[in-house]
Amino acid sequence: MEPLHVGLVFNLKHHVQVSPDTPPDALAEYDTEVTVNAIKEALEAGGHRITLLEADESLWDALRAARPDICFNIAEGLRGDARESHVPAILEMLAIPYTGSKVLAHALSLNKAAAKRVWRDAGLPTAPFQVFARGDEPLAPELEFPLFVKPVQEGSGMGIDEGSVVRDRPALYERVRWLIARYRQPALVEAYLPGREFTVGLVGNRLRGGERRRPGFYDAEGFHVFPVLEIDVSPVSEAGTPYSSYLKTDKALDLNYLCPAPIDAALAEQLQRLAVQAFEVLGGLDVARVDFRLDAAGRPMLMEINTLPGLNPTYSDIVIAARAGGVDYTTLINEILNLALERYGMAFAVGHPSAGRLPSDSSVAKGKPG
């Protein structure tokens, strides 16, 4: 079998241009050479030929020159309120297959309020919320203090710190206006959830009638959901503070990752089931990580989904959860690729978990977005 030519598309943290007034955590979502090289090595171990492609303004020309068979997309995008959708849109324009979610799912995932509206309309549990675009809107009557305030977009804990929990109106409006000015986007105000926080990573896509992906790895619906992960921040001095971008990046190696989380089987199953539902209702594909927090009654509430989860080989949440579930990094990376190859009706490497299942839809031609 000829090796596939895979374009690895990314945004390196130190290549992203920022202005002097950019918040210090503005680059939290971007990747390092460590992550890019680890993914490259994992894909090469899967028998593929890799071309590295920085997702900057030169990407269009670079893709047309390289013309990869498929792209492994981890690019966060450079700017705009749907920046994670830019690379998928370019790849679709060029008819190049790619891993992960499409344009709309990434846009919904990046905007926490949009995702919560979809989940709410689908009957999935998420805390009451309100979006403040100006900073002088009246507080919705269903919201009671304490409240939690964060940027409506972004991920990796950006804009979250010990001031995110507000307990009265003056503090609420001060925080909202600060976030709008600092992050140049609306603020999301949610009911504060006092319970434990969990994250659930998954790979897969729903099987259609008669399909059967590798039994034992994927369930009957087509998903492999990793063990529930709970992150204990008590080992660091900031214990008790929200899970901020500072903790997620600068202190990541000092935290205590509990996986499987010490919870009963019923709650673990509920979290894993809700993660799949939250993923599907947004149109997610191949891989995602879904975050939850328990309310005062112990009920899990959806907080946000990351359809481009971090893939650092050491400390990214979904990598830790996969490892705890017996799935090593090379297998995780190649399985994400294999799921995309499968969607496009392309062959994938023998020896990986999905190998052995023939594409069921021969009408999905190579090069056509699946």
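E57 sits out in the open: its relative accessible area is 59%, so it counts as exposed (exposed means over 50% relative accessible area, buried under 20%, and partly exposed in between, using a 1.4 Å probe and protein chains only). Keep in mind that this is a predicted model, where local features need pLDDT of at least 70, side-chain atom pairs count only at pLDDT 80 or more, and totals for chains, interfaces and linings use all residues. Residues are numbered from 1 along each chain as its sequence is written, and side-chain values use heavy atoms, with hydrogens and water left out.

**Salt bridges**

- A search of the whole structure turns up 16 salt bridges, each one a side-chain nitrogen of Lys or Arg within 4 Å of a carboxyl oxygen of Asp or Glu.
- E57 pairs up with R79 in one of these, at 3.0 Å from N to O.
- That pair ties together distant parts of the chain, 22 residues apart: R79 is in the loop between β3 (70-73) and α3 (86-93), and E57 is in the loop between β2 (49-54) and α2 (59-66).
- Helices here are DSSP runs of H or I with at least four residues, strands are runs of E with at least two, and both are numbered from the N terminus.
- R175 and D161 form another salt bridge, with their closest N and O atoms 2.9 Å apart.
- This one also links distant parts of the chain, 14 residues apart, with R175 in helix α6 (residues 169-183) and D161 in the loop between β5 (147-151) and β6 (165-166).
- R175 is buried at 11% relative accessibility, while D161 is partly exposed at 25%.
- R299 and D295 make a salt bridge too, the closest N and O atoms being 2.8 Å apart, and D295 is buried at 9% relative accessibility.

- In soluble globular proteins, nonpolar side chains tend to be buried together.

**Cysteines**

- The structure has 0 disulfides, a disulfide being a pair of cysteine sulfur atoms within 2.5 Å.
- C71 is buried at 0% relative accessibility, and C259 counts as buried at 19%.
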